[in-house]
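Visitor: I would like a close look at a single part of this structure. Please take me through it step by step.

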Amino acid sequence: MINPSAIMAAPFAAASLSLPATSPVTAADLWREGVHLEWWELSDLLQECTGWTIKPGHCPEDPDEVGHWLIDPAGHPEGDIWPGPDIDDVEHYVGWRIDEALDSLDS
């Protein structure tokens with residue numbers, strides 16, 4: 001007796017579908033497309049481009065105030081904490097450095 005499931009599955013089993021390999025999307029790709037990055041994504045990208053990083057923390061004068069520190073390659077914070085939970089100001093401050101580094105990689 002013929003198995004109906006085998007008859008229906010045969011065309012699918014014979015077909016071979018291979019998808020092209022794709023590279024993963026990086027923070028640099030997202031940055032170039034204007035996508036808003038989370039603080040850790042921006043920190044990773046900044047570190048790749050400049051050696052600097054971003055770390056969340058609290059304002060020394062007000063422990064309830066959350067912000068982000070800009071950390072130099074030696075591990076020292078630059079200036080005061082960037083206040084607030086979002087990183088828009090930090091992004092604006094370091095964005096040109098990331099753009100410059102990515103442009104030099106592209107050329």
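Which backbone nitrogen lies 2.9 Å from a polar atom of the side chain of Ser43?

Guide: The backbone nitrogen is that of Ile54. Keep in mind that this is a predicted model. The 2.9 Å separation runs from that nitrogen to a polar atom of the Ser43 side chain. A polar contact needs N or O atoms within 3.5 Å, so this pair is inside the cut-off.

Start with Ser43 itself. Ser43 sits in helix H3. Its relative accessibility is 6%, so Ser43 counts as buried. The limit for that class is under 20%. Set aside the neighbours within four places in sequence, and Ser43 is in contact with Trp52, Thr53 and Ile54.

Next, take Thr53, one of those partners. Thr53 belongs to strand S1, which covers residues 53-58. Thr53 is buried too, because its relative accessibility is 12%. Not counting residues up to four places away in sequence, Thr53 touches Ser43, Leu46 and Gln47, as well as Trp69, Leu70 and Ile71.

Now back to the helix, at Trp40. Trp40 also lies in H3. With a relative accessible area of 45%, Trp40 is partly exposed. Ile54 comes up again here: its C-alpha atom and that of Trp40 are separated by 7.3 Å. Along the chain, these two residues are 14 residues apart.

H3 has another partner to look at. H3 spans residues 39-50 and packs with helix H4, residues 88-106. The angle is about 45°, and the axes are 9 Å apart. The two helices are therefore oblique to each other. Their crossing is left-handed.

Which residues meet there? From H3 come Leu42, Leu45, Leu46, Cys49 and Thr50. From H4 come Glu91, Val94, Arg97, Ile98, Ala101 and Leu102. The residues of this contact divide into 8 nonpolar, 1 polar and 2 charged. Leu46 links two parts of this account: Leu46 is among the H3 residues that meet H4, and Leu46 is touched by Thr53.

Pro85 is exposed, with a relative accessible area of 71%. Leaving aside neighbours within four places in sequence, Pro85 is in contact with Val66 and His68. The C-alpha atoms of Pro85 and Gly67 are separated by 5.6 Å. These two residues are 18 residues apart along the chain.

Asp86 lies in the loop between S3 and H4 as well. At 44% relative accessibility, Asp86 counts as partly exposed. The C-alpha atom of Asp86 is 7.8 Å from that of Gly67. Here 19 residues separate the pair along the chain.

Finally, the setting. The chain has 4 helices and 3 strands. From the N terminus on, the order is α-α-α-β-β-β-α. Of the 107 residues, 25% count as buried. Ser43 is one that counts as buried, and so is Thr53. Consider contacts between residues at least 6 apart in sequence: 28% of them join residues at least 24 apart.

Notes:
Residues numbered from 1 in each chain as written. Predicted model: local features only at pLDDT ≥ 70, side-chain atom pairs only at ≥ 80, totals over all residues. Heavy atoms only, no water. Axes fitted to C-alpha atoms, helices over the stretch in contact; angles between N-to-C directions. Parallel < 35°, antiparallel > 145°, perpendicular 65-115°, else oblique. Left-handed = near helix turned anticlockwise from the far one by under 90°. Contact = heavy atoms within 4.5 Å. Nonpolar A, V, L, I, M, F, W, Y, C, P; charged D, E, K, R; others polar. Buried < 20%, exposed > 50% of the residue type's maximum accessible area, 1.4 Å probe, protein only. Polar contact = N/O pair within 3.5 Å; in protein donor to acceptor, adjacent residues only side chain to side chain.
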